[in-house]
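Here is a briefing on salt bridges and helix packing. Please keep the sequence and the structure open while you read.

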Amino acid sequence: MLSTDEIRILRLMPPAAGDSQSPIVCELSVVSRSDNPQYEALSYAWDDRPPLTIQVSSNEVKVTPRLYNALCQLRLCDRVRNLWVDQLCINQWNLEEKAQQVKLMRSTYTRCSQCLVWLGVPPAEITDADAKNAFEIIRYLATASSADDMNTLPLPPSVADDRPTFNRAMEALRAASHGQNRWWDRAWTLQEAALPDQVLLLFGSAIVPWNIITAAAKTWTTKGLPRPLRQMLSDEMDPWIGGFIVHSIWINIAKRRWDNALETVQRWRYRLAIDPRDKVFGLLGLLQAGSLPGTEECRYDIPASLVYSRMTVEMIIQEKGLRALVGNPRVEGYKATPGIPRWALDLSGWPDYDLDWFYQCYGYKVYNADMGLEPLDIDVVSSCLTQNVLKLKGICIGSVKCVKKGIRRYRYPWDEDVPLRETMQNYLDMVEGKDGNSETVVPDPYPAGYTRREAFARLMLDSRDIRPNVHQTIYGMLANQALVITETGLIGSALIETEIGDEIWIFGGGKVPFTLRRRGAEYDFVGKCYIQGIMQGESFADESSQKSLQQTIVIH
């Protein structure tokens, strides 16, 4: 087993007698990190096709076809090439070594001379020439970023005067992009591209440096597309350039470390990994060392459910607040991680009926529902790191008396066909008791001191800055949520799974209320909610409030 100062380097030998079809031959050597070894790191997507055989230190070793093709392409004719390749440089069957080397991944990719991003061999219908022309278009966009007048900049000669050649180049660009190429979807490849200073993208024999992609993105975001390129693009092709560039922009956000732990995990939770624990471990290199100390142990000997719940608790501790519970921690049961508590961030997938997490996350800070309560008890929360439950101290402010389901939309898309007016009218009818149920009538004046209709309007507009499109603001309060009325006549918005009898709780450290469901003496977590009239600490504004009734409860 390697020591903490050691890594293995794969020495990729030149092809025998210059024959590109000769078997792949490599040697593994152990080197000390403190000696600053020179190597390039390889980034690629694993795959599940039948493995192929290479020779490593005189032994036959099975590798994935994608890695096999990368090694074929990367062999140099006249000299050995030193590479770091996770599949071969880490003993994947020794969990202790694997955890140790994964913890050192930040160092491995930061210290490499450059990262070689292998996008694979182009599909059969795309030639290497097409792939090279695709990257010429990216270089053209990069040049346009510094051009005085990009609209007079001619297209590269290889695609300028030949429509079929241009079309094939665009097809190649599409094949190299997110949605078509698996590299952009893998959890590990994010930090592999974000950590090194120098990155090269390879698609077959086509190569483009990352800084060229960044310059092309600058053109696309600040200037648009040069006229010669726009004139060649069909309507079908128009989004293909964006499909390649947008995700490079997101990776550059990771390079700049703008996001903290919670924001990083939420931004990239859609990425995939063969081992579900790697959806966390594969992001740790992007975080400040020590921000999630328990999670950074990279333990492969515990289930993914415990990895995810510990991570969530550590995020709560890091932020000294409950923002980690806002948005989309829950995944539908049919695809949820086995054994995971409902309050934990489940990275097994994305919820089918989600919320706009970034709207929820960055709007969270404008609320202060817990004003007047004791702050979050870090010691109590810390005790949950190994228990798979969450203990919080707070107050129940009431239970749900009535529920009216809102608009259920798969993956939260907005379009003009969403029945906003009809849904809002149904909500208002329930608030005013016009739905035939006198139990639903909300007091007028409203308990917060304004009229019932004003309370309803404030709820629909979320009492925040209204988005430029007011319809989208309202949609944000309706999509995959439900109108709720409490037993005390308060109205609010809660997750669409909310049921009559669920309780509304405010916890110290929680800027928004949360909906819980009783499980005997303990609780199941339902989700965050918005209750009109209590979002700025109004529940605890005077001495007669219930602050003295705070209690610590256990949430599953």
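Arg-11 and Glu-27 form a salt bridge, with their closest N and O atoms 3.2 Å apart. A salt bridge here is a side-chain nitrogen of Lys or Arg within 4 Å of a carboxyl oxygen of Asp or Glu. The count by this rule is 22 salt bridges. The model is predicted: local features need pLDDT of at least 70, side-chain atom pairs count only at pLDDT 80 or more, and totals for chains, interfaces and linings use all residues. Residues are numbered from 1 along each chain as its sequence is written, and side-chain values use heavy atoms, with hydrogens and water left out.

**Arg-11 and Glu-27**

- The Arg-11 to Glu-27 pair links distant parts of the chain, 16 residues apart.
- Arg-11 sits in strand β1 (residues 6-12), and Glu-27 sits in strand β2 (residues 25-32).
- Helices (H or I, at least four residues) and strands (E, at least two) are DSSP runs, numbered from the N terminus.
- Arg-11 is partly exposed, at 29% relative accessible area.
- Glu-27 is partly exposed too, with a relative accessibility of 37%.
- The cut-offs are under 20% relative accessible area for buried, over 50% for exposed, and partly exposed in between (1.4 Å probe, protein chains only).

**Arg-323 and its surroundings**

- Arg-323 forms a salt bridge with Glu-263, and the closest N and O atoms are 2.9 Å apart.
- Arg-323 lies in the loop between α14 (304-319) and α15 (357-363), while Glu-263 is in helix α12 (residues 261-268), so the pair ties together parts 60 residues apart in sequence.
- Arg-323 is buried, with a relative accessible area of 10%.
- Glu-263 counts as buried, at 10% relative accessibility.
- Lys-365 is 42 residues from Arg-323 in sequence, but 8.7 Å away in space, C-alpha to C-alpha.
- Lys-365 belongs to the loop between α15 and α16 (378-382).
- Lys-365 is exposed, with a relative accessible area of 61%.

**Other salt bridges**

- Lys-434 and Glu-432 meet through their side chains in a salt bridge (3.1 Å, N to O).
- Lys-434 is exposed at 55% relative accessibility, whereas Glu-432 is buried at 13% relative accessible area.
- Asp-47, Arg-49 and Arg-66 are joined in a network of salt bridges.

**Helix α9 against helix α11**

- The axes of α9 (residues 210-222) and α11 (residues 238-256) come within 9 Å and cross at roughly 110°.
- That makes α9 roughly perpendicular to α11 (the class covers angles of 65 to 115 degrees).
- Axes are lines fitted to C-alpha atoms, for helices over the stretch in contact, and angles run from 0 to 180 degrees between N-to-C directions.
- Contact residues (heavy atoms within 4.5 Å) include Trp-210, Ile-213 and Trp-220 of α9, and Phe-244, Ile-249 and Lys-255 of α11.
- The residues of this α9 to α11 contact divide into 11 nonpolar, five polar and one charged.
- Ala, Val, Leu, Ile, Met, Phe, Trp, Tyr, Cys and Pro count as nonpolar, Asp, Glu, Lys and Arg as charged, and the others, Gly among them, as polar.

**Helix α5 against helix α7**

- Helix α5 (residues 128-144) and helix α7 (residues 163-175) pack at about 85°, with their axes 7 Å apart.
- α5 and α7 are therefore roughly perpendicular to each other.
- Among the residues that meet are Asp-130, Ala-134 and Ile-137 in α5, and Phe-166, Arg-168 and Leu-173 in α7.
- The contact of α5 with α7 has nine nonpolar, two polar and two charged residues.

Technical notes:
Angles under 35 degrees count as roughly parallel, over 145 as roughly antiparallel, 65 to 115 as roughly perpendicular and the rest as oblique.
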